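I opened this notebook to record what I looked up in one chain. The sequence and the structure come first.

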Amino acid sequence: MSLPVLFEQARKIHQAASDSSIDQDTVKKGCELLKKCEEMIEKLGLFSANETKEDISTANLKYLLVPYYLGELTEKITEEDRIRILKASQAKLKEFITFCEAMELVPEEELVSSTRAAGGTFADRRAKKIARFKRQKAAESKLLEIKERKERRGRSTRASALSTPVEAGEEDMEDDDGEEEREAWLTTISLALCKAFDLLEMLKKEEEMLLAVKERQSQEGENELSQSILDERSKKAEAWHRDASTRAQYTKPATPITCATFAQDVLEGRAKVSQFHEHKHQPMIFGPASLVGKNPTSEREKIAAQVFQPHYRLPTMSIEEAGLKEMEIMNKWQERNAKFIEEANSSWYKDNRPSRPGEEDDEDDDAAQDKARAWDDWKDDNPRGAGNKKLTPCG
C-alpha cells in the first residue's frame, strides 16, 4: 500500500481508539501500520532537520503526526510489563515534540515553561495547564470552524455547478482549498502538541508510581501474591456468599431506634442495640429520696412521692412519641383527603351534586328577569328625590 493509504487507515484506527474502546488486535494493527508509515517516511526522506514548517508541503504536513499517533496507540496496549509500554510511548511522544520544536511549531510559552525547573511552584504549573487548555480549546474551535466553512463551500460549489457552467475562477478556489487544508493540518498539529504534553506528564507519573511499587515489593520480598493465597481467598469469599443465604433465614432486621436517649446510650456504649427498650416516656417523680428510687405501690406512698412537685406542668409524652403521633395524624389526614378527592372525581358525586344557590330552574330565571325589568322601568319614571321637591326650601 502507498503511504497515504497506510496513514489514512492508521488515522481511522487512532480516531476510533480515541472515541471509544477497541480490541487489542485493532490497536496492535494500528501500531504496525504506523511503524510502516515511519519506515516509508524515512526511506522517502520527506523531512529534514534543516527545514521549517514553511518549507514542508501541504501534502506532507499530516505525516508529522505519525509519532504522536504511534505514542497514543502504544499507551493503549495491554501487557504485563506496563513499564516497558510506558517507556515506548514516552519515547514516541518526545520524538514528536522534539521534531515539532525543530520545525518551529511549539508555542513560545510552552518552550519557556519547559526550560524552567521541573519542580516549579504550584502556581506556575497551574498557569501552564490553564494556558495549554486554552490553546487546546482554541484549536478545537478553529478545526470545527474550518470544517463548517468547507462544508458550506462544497454545498455552494455543487449548487453553482448545477446552475452555471464552470468559469475561470476555479483555480483561485483550488488555491483557497489548499490554504484551508494547510491551516487545518497546522491546527491539528497544534492540538496534538497540547495533548502530547498532557499525556507525557501523565505517563511519567504512572511510571514513577509503578517503579515505586516495584521497588517496595522487591524490598519486602513479595514480588507477587502466590497462587495458593489467591485460591484461599477466593474459597473464603465463595464460602461466605454460599452461607449468606442460610444466615439470612434466621437474621431479623433490628427495630429502628425512636428514642433519642436510648440512641445516645447506644452511641456512647452504655447500652446495646439488641437490648429491650420500650421507648416510652417515663414521667419524673419529685419527692422524698426514699420513695423516688422505688416504685410506689400504695396510695400513701404515691401521695408522699408527689409532695415536692414543680410549678409547671410535666410532659405526658416524649418528643419521639409526639413525633410518631403527629406522623400518624398526618397519615390519616392524607388518607382522608385522598378519599375526598376520589369521591369528588367519581361520576356518582358529579351526578348527585346538590345545586348551588345560583342554579335555579328556567321559570325562576324568567320571573326574576321580569321583576328586575319592572324595577328598572319604575326607577326611570320616578327619579331619585322626585316626590320631595315641596319639602325643600326652594321647591
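**Basis.** I am working with a predicted model, in which local features need pLDDT of at least 70, side-chain atom pairs count only at pLDDT 80 or more, and totals for chains, interfaces and linings use all residues. I number residues from 1 along each chain as its sequence is written, and side-chain values use heavy atoms, with hydrogens and water left out.

**Whole chain.** I found 15 helices and zero strands; helices (H or I, at least four residues) and strands (E, at least two) are DSSP runs, numbered from the N terminus. Of the 395 residues in the chain, 20% are buried, where buried means under 20% relative accessible area, exposed over 50%, and partly exposed in between (1.4 Å probe, protein chains only). I noted an accessible surface of about 30300 Å², with 53% of it belonging to carbon and sulfur atoms; the areas come from the Shrake-Rupley method with a 1.4 Å probe. I then turned to contacts, meaning heavy atoms within 4.5 Å. Among those between residues at least 6 apart in sequence, 69% join residues at least 24 apart.

**Helices α4 and α5.** I looked up how α4 (residues 66-75) lies against α5 (residues 82-102): their axes come within 8 Å and cross at roughly 165 degrees. Axes are lines fitted to C-alpha atoms, for helices over the stretch in contact, and angles run from 0 to 180 degrees between N-to-C directions. Helix α4 is therefore roughly antiparallel to α5, since angles under 35 degrees count as roughly parallel, over 145 as roughly antiparallel, 65 to 115 as roughly perpendicular and the rest as oblique. On the α4 side I listed Pro67, Tyr68, Leu70, Gly71, Thr74 and Glu75, and on the α5 side Arg82, Ile85, Ala88, Ser89, Lys92, Leu93, Glu95 and Phe96. I sorted the residues of this contact into seven nonpolar, three polar and four charged. Here Ala, Val, Leu, Ile, Met, Phe, Trp, Tyr, Cys and Pro count as nonpolar, Asp, Glu, Lys and Arg as charged, and the others, Gly among them, as polar.

**Helices α1 and α4.** I next took helix α1 (residues 3-19), which packs with α4 at an angle of about 40 degrees, the axes being 10 Å apart. That angle makes α1 oblique to α4. In this pair, Phe7, Arg11, His14, Ala17 and Ser18 of α1 meet Val66, Tyr68, Tyr69, Glu72 and Leu73 of α4. The contact divides into six nonpolar, two polar and two charged residues.

**His14.** Leaving out residues up to four places away in sequence, His14 touches Tyr68, Tyr69, Glu72 and Leu73.

**Glu38.** I located Glu38 in helix α2 (residues 24-44). Glu38 counts as buried at 19% relative accessibility. Which residues does Glu38 touch, not counting those up to four places away in sequence? I recorded Val66, Pro67, Leu70, Lys92 and Glu95. I also noted that the C-alpha atoms of Glu38 and Leu64 are separated by 9.9 Å, with the two residues 26 apart along the chain.

**Glu104.** Glu104 is not a glycine, although its phi is positive, at about 65 degrees.
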